[in-house]
Amino acid sequence: MKFFTQIKTLALVAGMMLTSNANATIASNKVSSGDLVISKVFYSASKNASGSGNYIAGQYIEIYNNREEEVDISGMYVALIESESAASAYTQAAIEADADLKSMLGGKIVVKQIFQIPTDKTYTVGAGKSIIICNSAIDHTTGAVTGHDLSGADFEVKTTNTKYPHNDAVPAMTLVY
């Protein structure tokens, strides 16, 4: 499960997934376009505190509620769009260059992975407030030159990669696809 290791483009998708296969359809049901925005993406690795090597465990995204009221984000999806990977047949350039592929996709988004905010209870973002989704919800200030304290993150992608220590107090994102 790689959440941030190759992020170039993210999408927020509010709604319910109707199927769980490669032809998944998501029906919008909670928020409108622009209600929630990705306000920060900390993707670039920092140097290790020792000054050598890259420290990548502290990557995160911040999602901001642009509305004047609280937004229920339970069940919301965050997707990694499959468009910039060098190995992808679905780069924007490849889609534009291939009329058959463009026609077949018909405006659909091709994603690499989809994660979901848990549905075990109601999760909300207050008006003008943000949430943090990260790989590792710990204090990264001691491990990296420009590390952030993510121990108070709202959600964590619980990977099996040992480079990403986990915080059991932070809810896990669900890998859907």
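Begin the tour by selecting strand β4, residues 36–42, where V41 is found. The model on display is a predicted one.

Keep V41 selected. Is this residue buried or exposed, or something in between? V41 is partly exposed, because its relative accessible area is 42%, which lies between the 20% limit for buried residues and the 50% limit for exposed ones.

Now display the whole chain. Its secondary structure consists of 2 helices and 14 strands. The accessible surface amounts to about 9,500 Å², and carbon and sulfur atoms account for 50% of that surface. Of the 177 residues in the chain, 38% are buried.

In soluble globular proteins, nonpolar side chains tend to be buried together. Select I63, I73, I117, I131, I133, F155 and M173: these have the most contacts inside the largest nonpolar core, which has 16 residues. Apart from it lies another core, of 7 residues, including Y60, L150, A153 and V170.

Return to I117 and show its surroundings. Which residues does I117 touch, leaving aside those up to four places away in sequence? They are I73, S74, G75, M76, Y123, I131, I133, F155 and M173.

Finally, consider contacts across the chain: among those between residues at least 6 apart in sequence, 66% join residues at least 24 apart.

Key: Residues numbered from 1 in each chain as written. Predicted model: local features only at pLDDT ≥ 70, side-chain atom pairs only at ≥ 80, totals over all residues. Heavy atoms only, no water. Core = buried A, V, L, I, M, F, W, Y, C linked by side-chain atoms within 4.5 Å. Buried < 20%, exposed > 50% of the residue type's maximum accessible area, 1.4 Å probe, protein only. Contact = heavy atoms within 4.5 Å. Helix = DSSP H or I, 4+ residues; strand = E, 2+ residues; numbered from the N terminus. Areas by Shrake-Rupley, 256 points an atom, 1.4 Å probe, with all protein chains shown as cover.
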